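This report goes through one protein chain for a reader who has not seen it before. Please keep the sequence and the 3D view open while reading.

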Amino acid sequence: DTATLQYLSTKAEWKGASLIVSQKILYEAAPGTLKSTFTLSADGKTLTRAMHISVDHGEFDTTAVFEKQ
């Protein structure tokens, strides 16, 4: 079995220096939301994505850090 994820809508907006991406989803046929906040370091070498996930199974937070090589 594989879980199904369907994106229903996406909205992006700037809040100061951060890009906020809000998405409405269906996960295993139940509604949910994803909210990602993207920030770039002052030197432009590190992009951080903090994501809040809300689905029927609960709420989760994840952070991904991308560094320019």
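## The loop between β2 and β3

E28 lies in the loop between β2 and β3, where strands are DSSP runs (E, at least two residues) numbered from the N terminus. A29 is in the loop between β2 and β3 as well. The model is a predicted one, in which local features need pLDDT of at least 70, side-chain atom pairs count only at pLDDT 80 or more, and totals for chains, interfaces and linings use all residues. Residues are numbered from 1 along each chain as its sequence is written, and side-chain values use heavy atoms, with hydrogens and water left out.

E28 is not a glycine, yet its phi is positive, about 50°. A29, also not a glycine, has a positive phi of about 70°. As background, most residues other than glycine have a negative phi. E28 counts as partly exposed because its relative accessibility is 41%; the class between buried (under 20% relative accessible area) and exposed (over 50%) is called partly exposed, with a 1.4 Å probe and protein chains only. A29 has a relative accessibility of 69%, so A29 counts as exposed.

## Strand pairing

Strand β1 (residues 5-15) pairs with strand β2 (residues 18-27) in the antiparallel sense, over 10 bridges. Two strands are said to pair if DSSP finds at least two bridges between them. T10 has Q23 in β2 as its bridge partner. The hairpin of β1 and β2 has 2 residues between the strands, and G16 there takes a positive phi near 65°.

β2 is also joined to strand β3 (residues 30-40), by 9 bridges, and the two run antiparallel. I20 is placed opposite T37 in β3. The hairpin that β2 and β3 form has 2 residues between them, with E28 in the turn.

β3 and β4 run antiparallel and are joined by 8 bridges. Here S36 has M51 in β4 as its bridge partner. In this hairpin 5 residues stand between the strands, and G44 in the turn has a positive phi of about 75°. β4 pairs in turn with strand β5 (residues 58-67), antiparallel and over 10 bridges. The hairpin of β4 and β5 has 2 residues between the strands.

S18 is found in strand β2. Is S18 buried or exposed? Its relative accessible area is 15%, so S18 is buried. Leaving aside neighbours within four places in sequence, S18 is in contact (heavy atoms within 4.5 Å) with E13, T37, F38 and T39.

L19 belongs to strand β2 too. L19 counts as partly exposed because its relative accessibility is 24%. With neighbours within four places in sequence again left aside, the contacts of L19 are A12, E13, W14, S36, T37 and F38. L19 and D61 are 42 residues apart along the chain, and their C-alpha atoms are separated by 17 Å.

## The nonpolar core

Which residues make up the largest nonpolar core? The core has 5 residues, namely I25, L34, M51, I53 and V55. β4 gives the most to this core, with 3 residues. A nonpolar core is a set of buried Ala, Val, Leu, Ile, Met, Phe, Trp, Tyr and Cys residues joined through side-chain atoms within 4.5 Å. In soluble globular proteins, nonpolar side chains tend to be buried together.

I25 touches L34 and V55 of this set, and its other contacts include L5, Y7, L8 and P31, residues up to four places away in sequence not being counted.

L40, L47 and F66 make a nonpolar surface patch of about 280 Å². Such a patch takes residues with over 30% relative accessible area and no salt bridge, and joins nonpolar side chains (Val, Leu, Ile, Met, Phe, Trp, Tyr) within 5 Å, or like charges within 9 Å. A salt bridge is a side-chain nitrogen of Lys or Arg within 4 Å of a carboxyl oxygen of Asp or Glu. Accessible areas come from the Shrake-Rupley method with a 1.4 Å probe, and for residues only the protein chains shown count as cover.

L47 lies in strand β4 (residues 46-55). L47 is partly exposed because its relative accessible area is 32%.

Notes:
Helices (H or I, at least four residues) and strands (E, at least two) are DSSP runs, numbered from the N terminus.
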